Amino acid sequence: MNDKNLSGEVYYPGKEIIDNATINDWDALNKKANEDYLGFWEDKAKELHWFSKWEKVLDDSQKPFFKWFTGAKTNISYNCLDIHVKTYRRNKLALVWEGEKGESETMSYYRLHQETCRFANILKSMGVVKGDRVTIYMGRIPEIVIAMLACARIGAIHSVVYGGFSVESLHERIEDSQSKVLIVADGAYQRGKIVPLKDIADEALQRAGGIEHVIVVRRTGQPVNMEFGRDMWYHELKHLPIATNDCALEIMDSEDPLFILYTSGTTGKPKAILHTHGGYQVGVYTSLKYVFDIKEEDRYWCAADPGWITGHSYIVYGPLLNGATSFMYEGAPNFPYPNRYWQMIEKYGINILYTSPTAIRGLMRFGDAWVNRHNLSSLRLLGSVGEPINPEAWKWYYKTVGKEKCPIMDTWWQTETGMFMITPMPCVPLKPGSGTKPFPGLQFDILNEAGESVKSDEEGYLVIKNPWPSMIRTLWGDSEKYVQQYWSKYPGYYLTGDSARRDKDGYYWIIGRVDDVIKVSGYRLGTAEIESALVSHRSVAEAAAIGLPHEIKGNAIYCYVILKSGQTPSNELMEELRLHVGHEVGPIAKPEQIKFVDSLPKTRSGKIMRRVLKAQELGLDPGNLSTLEE
Ligand code: WTA
C-alpha cells in the first residue's frame, strides 16, 4: 500500500520508518495472506508455544460457531510468562507502572511470573478450578494484570469489570457470570479523589449472591468494611505458605474459555463476549507485532483501561505475548496538569503511544505549549482507538505530538473481534480519519439494506466475510443471541454494528454505530443500561437515551424521561436522576442532559424510536415513520 497514486490528503511514512519496519511491503503480506489464509495464521501460531499441536487450523463445520487450532493444547499465560523466563527476557521489564500520585513500580518477567503464580495459588486454595468465573474490579494497578494472568494460569475465566462502572453494572455482571470469587481493590485514585471500589462492591454483593470469597487489594488505604469469612486482604494472603512462587499451570484446550468481557449490544442488558486461549493469543500476538512493530528495546504504552478489550488485548496479553515492555498509568491524562502524558513519555522514554481520540481532543484543547515543554523524541509510533478520529485531532496528534515523524495507527476493532481489524501498519500511507484497510487476509464489505455491496463513497453496514482466530466464540450463556445479533441480518457475514464508507482507493471510513450502542469518550454503553437505571428511580415511569455529537467525548448521552404521576419536573430532580445513573451504572454513563417529556415516539409494538428523537434534536429528517404509533 505504498502507493503514491492515492487521492485525497495522504501522509506518507518517512524512509526511516519504512526501512526499520518489520513489514515494509504491505501489499506482499496481504497477497500472501489472501492466497493462503489458513496457512498465514498457522505460520503465526507456530511462533507461539503449544503443548501439543492442532489437528485443524479452522473448524467451520458448525458455523457461526467457528473453532481455531482445534485439538491443540496451550495456555496463554505460558506464552506470556514462562516462555520468556526461560530466555534473556527473564530480567527484562514486563511492566512499568506509574500511579496517579507519581509513585512508580517496575516488574521483570521473572517477577511477574512469580507474582502470578502466588496469586494463582491463592485462587486455587479458595477452590477455584478450571472453568470457574472470577470477577475482577480494580483500577489501573499492576495487581489487575497479575489477577488476570493468575486466572488464565489455572484455567479460570476472568470477567473484568471496568473500575468506572458502579453498583448495578457490577451486580449484573457478577450475577450473570455466576462468579465464585471477586477480586477488588479498596479504592482507586481518580483525579486526586478516591473511588470507593470496595464500598461499591459491598453494595453490589448485597444485591447478588454466589460470591464465596472476596480478595481485597490495598491501594488507597482508606478504611473499608471487611466481612469476616468472606473478605481477605491480598497482602496477607500473599504471605501465607500456600502462596508459593510456583504454580503448575492448567493445560488448556485451544478452544477453552480464557475470559468473558461484558459489553453493550443491540438491545437489552450487556452480554458477555467469550474469548478462548488458542485463537485469541494468535490474533492478538500477530496484530500487535505487525501494527505497532514493537522492538525488543521499546517501551510501549497503551493508555486504555484493562477493564475494556483494548486493555485486555493490548496492555496485558498482546505486549506480554510479544515479550515487550508495557507501560501502564493509573490516572487521568490531565491530572494534576495537562502535561501528565507528555511528562511520562519523557520520563520513561516511551516509543509507542496508543490512546483514544477523546484523550487527544481533551489534551489538544490546552494548547501546544504543554506538549512542547517536553522532549518527546523517543516517540516512534502513535495509535488511536475507540471512536472515529476527526481530521483536526489527527493532525494535531501528528504534528504537535509526533512532530510529523510518527505514523498514526488508527485501529478499528471491537470487543468481539479481539484484535485490530481495519488498521494501517507503519509502512502504509495514511489519510487522517481513516483506519486504511483491513488487516491482511480479512474480507470486509459494506452492504445496503438489501445486502448488496454499496458503491465507492456510499454509506452502508460494515460486515466481515471470513472468520479470524481471535473472533468472539459466542455470547456466554446465550448462543441464540450470538447468532441473532451478529449473523442473522446477512447470513454468513459477521455484522459489526457500524456504518462505514469505502473510498475509491479502498480505504475505509468508519461513521459510527447503527444500533443502540453509544460511544461516550470511546467507552461503549447501551441505551438499555441507562434507561433501566433511570426507570429504577422511584419517580420515573419511562425513559429513553440517545447519543448526540459532543466536541470532546465524541458522543454525549441525552435522556428523555416521563415522570410517574404526581411527580413534578425540576432542576433538582434532574440532578438527582443524573447522580442516580452515575451511582447505578457509573460516572461515565451520567447523562449530559435530561428532558422531562409527556410522551415518547414509539412503534405500534411499543418500541421506543430513538432515531426519531435523535433526528429531532439534530434537525434532520427522521426517515421512514410508517411504524410510528399515532
Ligand atoms: C468503535 C473498542 C472508529 C466502533 C476496541 C466499534 C472505532 C466500537 C474505532 C467497538 C476506530 C473502535 N475508528 N470507530 N479506530 N475503534 N471504534 O467493543 O464503533 O469497546 O464498533 O472496542 O468502537 O467498541 P469496543
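What follows is a short chat about a predicted model and some of its residues.

Me: Start with the ligand. Which residues come nearest to it?

Reply: Asp410, Thr411, Thr415, Arg513 and Arg524 come nearest, out of 17 residues around the ligand. This is a predicted model, so read every distance here as computed from it.

Me: What is the make-up of that shell, by nonpolar, polar and charged?

Reply: The shell has six nonpolar, five polar and six charged residues. Helix α11 (309-321) and strand β24 (508-513) each supply at least two residues of the shell.

Me: Which polar backbone atoms lie by a nitrogen atom of the ligand, say at Thr411 or Gly386?

Reply: At Thr411, a polar backbone atom is 2.7 Å from a ligand nitrogen. At Gly386, a backbone N or O atom lies 3.1 Å from a nitrogen atom of the ligand. On the side-chain part, an N or O atom of Asp498 is 2.9 Å from a ligand oxygen. The protein covers 97% of the 530 Å² of accessible area that the ligand has on its own.

Me: Switching to Arg340. Buried or exposed?

Reply: Arg340 counts as buried because its relative accessibility is 4%, and the cut-off for buried is under 20%. Arg340 is found in helix α12, which spans residues 340-348.

Me: What does the side chain of Arg340 reach?

Reply: The backbone oxygen of Phe335, at 3.2 Å. The side chain of Arg340 also makes a polar contact of 2.8 Å with the side chain of Glu98.

Me: Which other residues is Arg340 in contact with, leaving aside its sequence neighbours?

Reply: Including Glu98 and Phe335, the contacts beyond four places in sequence take in Gly99, Glu100, Lys101, Gly102, Tyr329, Ala332 and Pro333. Glu100 is 240 residues away from Arg340 along the chain, yet their C-alpha atoms are separated by 9.4 Å.

Me: Which peptide bonds are cis?

Reply: Pro336 sits in the loop between β17 (325-329) and α12. Another is the bond from Lys63 to Pro64, also with omega near -5°. Pro64 is in the loop between β1 (56-59) and β2 (67-70). Most peptide bonds are trans.

Me: Which residues have a positive phi although they are not glycine?

Reply: Arg191, at about 50°, and Asp457, at about 70°, are among them. Arg191 is in the loop between β9 (188-190) and β10 (193-195), and Asp457 is in the loop between β21 (444-447) and β22 (460-464). Arg191 counts as partly exposed at 40% relative accessibility, and so does Asp457 at 42%.

Me: Now the largest nonpolar core. Which residues have the most contacts inside it?

Reply: Ile183, Phe292 and Tyr317, in a core of 164 residues. Helix α6 (residues 142-154) gives the most to this core, with ten residues. Apart from it lies another core of 30 residues, among them Phe327, Ile345, Leu353 and Trp394.

Me: Last one, helix α19. Which of its residues are buried?

Reply: Arg610, Val612, Leu613 and Ala615, in a helix that spans residues 610-618. They pack against α17 (527-535), β27 (540-550) and β28 (554-563). Just after α19, Gly619 takes a positive phi of about 65°.

Notes: Residues are numbered from 1 along each chain as its sequence is written. This is a predicted model: local features need pLDDT of at least 70, side-chain atom pairs count only at pLDDT 80 or more; totals for chains, interfaces and linings use all residues. Side-chain values use heavy atoms; hydrogens and water are left out. Helices (H or I, at least four residues) and strands (E, at least two) are DSSP runs, numbered from the N terminus. Buried means under 20% relative accessible area, exposed over 50%, partly exposed in between (1.4 Å probe, protein chains only). Contact means heavy atoms within 4.5 Å. A polar contact is a pair of N or O atoms within 3.5 Å; within protein, one must be able to donate a hydrogen and the other to accept it, and residues adjacent in sequence count only if both atoms are side-chain atoms. A nonpolar core is a set of buried Ala, Val, Leu, Ile, Met, Phe, Trp, Tyr and Cys residues joined through side-chain atoms within 4.5 Å. A residue is near a molecule or strand if one of its heavy atoms lies within 4 Å of it. Accessible areas come from the Shrake-Rupley method with a 1.4 Å probe; for residues, only the protein chains shown count as cover. Ala, Val, Leu, Ile, Met, Phe, Trp, Tyr, Cys and Pro count as nonpolar, Asp, Glu, Lys and Arg as charged, and the others, Gly among them, as polar.
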